[in-house]
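Good morning, colleagues. I would ask you to look at the structure on the screen while I go through a few of its local features.

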Amino acid sequence: MLLKTIQMKSIMNKIALTFFLILFSSGIASAQEIIKESVQDTLKTQTSNQKQKIDGVIAKVGDYIILDSDIDKAYMEISSQGNSIKDITRCQMLGKLLEDKLYAHQAIQDSLKVTDAEIKSMMDERLSYMIEGLGSMDKVVKYYKKNSEEDFRSYFFDVLKEQKLTSEMQKKIVDEVEITPEEVRNFFKTIPKEELPVFGAEMEVAQIVVEPKVSEAEKQKVIDKLNQFKKEIQEGSSFATKAVLYSQDPGSRASGGFYKMNRKTPFVKEFKDVAFSLAEGEISAPFETDFGFHIIYVEKIKGQDLELRHILLTPTVTEEALKEAKEKIALIRKRIEDKEITFADAARSMSDEKETRTNGGALINPKTQDTRFELTKLDPSLNSQVSNLKEGEISQPLMDEDQSGKKKYKIITVTNRINEHTADYAKDYTKIKDLALKEKQIKAIGKWFDDKIKDTYIKIIGEYRDCEFTNNWLKK
């Protein structure tokens with residue numbers, strides 16, 4: 001896993017491979033992807049020349065075991081997600097499963113917290129997806145060849161818990177790695193000039209948003225409805241069921257409005273303030289955030305952690321309010337076009353979008369946390385809005401609608417277009433820092449494996465002892 005050279009091709013290849021495997025580890029046991037019939041055919045084709053053998057234990061890591069059939073299941077999971085398995089050997093797949101087991105084993109040794117409530121929430125969300133795909137719970141149970149729903153839930157709970165432990169351990173290792181500007185500079189200096197990466201064309205984009213005003217009457221309708229929900233729940237109705245049926249929060253609706261949080265969790269301030277003011281078992285009064293109106297029910301308080309459910313309702317926006325918002329954004333656009341005010345100053349003083357207002361409307365790329373967007377990786381909806389804009393040109397008013405159905409108007413401008421170019425330390429510092437950090441993280445992961453393999457009981461059985469692994473699983 002350690003990088004042995006600083007040549008750019010080697011760096012890019014190994015970074016890509018390592019982080020593919022890290023991402024794959026969370027997908028391999030997810031079980032929410034419905035495996036298509038063609039996947040079975042792919043697996044049969046790949047293994048047609050192998051002798052059929054009885055399934056059994058082929059490896060052990062701490063208290064975790066790996067069965068020969070686990071390798072076949074891993075192949076099926078990769079194929080079900082549309083990835084090719086033709087170049088992945090059984091030895092490589094076993095190596096990946098060994099990594100997952102070591103992560104999970106060490107997570108337990110390090111007392112990383114994974115609660116039953118978290119796993120149950122994950123299970124509920126994924127089960128709803130699986131039932132939708134296969135048609136019923138009975139079909140899900142049959143598909144996984146379990147004797148009963150209870151049998152399946154017990155099996156699936158263990159799968160999800162191991163997956164969560166694995167991801168938490170990976171996150172702990174990577175999050176502890178930091179990099180200094182000096183390390184970034186040294187990383188860049190060691191790349192041969194002819195091997196410097198070429199970065200694709202990019203752009204910087206800014207926007208101004210005007211949200212339609214909601215009438216007090218519409219707000220009161222939502223407040224009254226939430227108060228009615230609260231009364232019915234206090235009289236015995238299920239909060240979770242109400243959330244599934246009525247909440248307009250797409251992120252939590254399927255799980256009955258469930259969230260787990262602590263004071264460091266990045267939630268809206270107003271939401272956190274209310275949540276942490278409640279006692280266990282208490283339901284809040286309706287309160288407002290930028291997303292709409294909520295009620296919160298605190299299920300459990302565990303030290304600094306809260307397990308809660310909430311229902312979100314958004315007031316209806318009238319056609320008249322939408323028309324007024326469109327007229328306002330059109331007037332702002334005209335003032336900018338007439339040079340009365342700059343786009344950035346208009347965003348700071350007139351935009352309703354808090355996240356971009358202080359930056360003069362500049363959008364932040366969520367993947368890189370800087371202002372540049374690579375054209376080939378641009379979100380399709382944003383791409384359609386800016387692809388034909390010249391630098392400095394302002395779009396016509398555009399109506400946006402989020403997942404919860406909330407509507408708003410905006411104008412967009414391209415503030416800077418950057419052509420494809422060879423990496424430049426000053427201009428591309430953020431990207432170079434990201435590459436340097438990933439290389440350091442890979443080294444940290446490699447060292448972690450070296451250390452933990454030495455201290456952990458690991459046994460590989462039978463023909464798999466002849467495998468050539470990346471890590472020293474055989475402790476030679």
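Let me begin with strand β2 (residues 64-67), which contains I65; strands are DSSP runs of E with at least two residues, helices are runs of H or I with at least four, and both are numbered from the N terminus. Before I continue, please note that this is a predicted model, in which local features need pLDDT of at least 70 and side-chain atom pairs count only at pLDDT 80 or more, while totals for chains, interfaces and linings use all residues. Residues are numbered from 1 along each chain as its sequence is written, and side-chain values use heavy atoms, with hydrogens and water left out.

I65 has a relative accessible area of 41% and is therefore partly exposed; buried means under 20%, exposed over 50%, and partly exposed in between, with a 1.4 Å probe and protein chains only. Together with V57 and I461, I65 forms a nonpolar patch on the surface, with about 220 Å² of accessible area for the three together. Such a patch joins nonpolar side chains (Val, Leu, Ile, Met, Phe, Trp, Tyr) within 5 Å, or like charges within 9 Å, from residues with over 30% relative accessible area and no salt bridge. A salt bridge here is a side-chain nitrogen of Lys or Arg within 4 Å of a carboxyl oxygen of Asp or Glu. The areas come from the Shrake-Rupley method with a 1.4 Å probe, and for residues only the protein chains shown count as cover.

Next, the disulfide. C91 and C467 form one, with their sulfur atoms 1.9 Å apart; the criterion is a pair of cysteine sulfur atoms within 2.5 Å. C91 lies in helix α4 (residues 90-109) and C467 in the segment after β13 (458-460), so the pair ties together parts that are 376 residues apart in sequence. The link is left-handed, with -70 degrees about the S-S bond. Is each cysteine buried or exposed, or in between? C91 is partly exposed at 24% relative accessibility, whereas C467 is buried at 5%.

I turn now to V184, in helix α8 (residues 181-189). V184 is buried, because its relative accessibility is 0%. Leaving aside residues up to four places away in sequence, V184 touches I179, Y425, Y429, I432, K433 and A436, where contact means heavy atoms within 4.5 Å. V184 and I432 are 248 residues apart in sequence, yet their C-alpha atoms are 7.0 Å apart in space.

Finally, backbone geometry. K145, not a glycine, has a positive phi of about 55 degrees, and it lies in the loop between α6 (137-143) and α7 (149-175).
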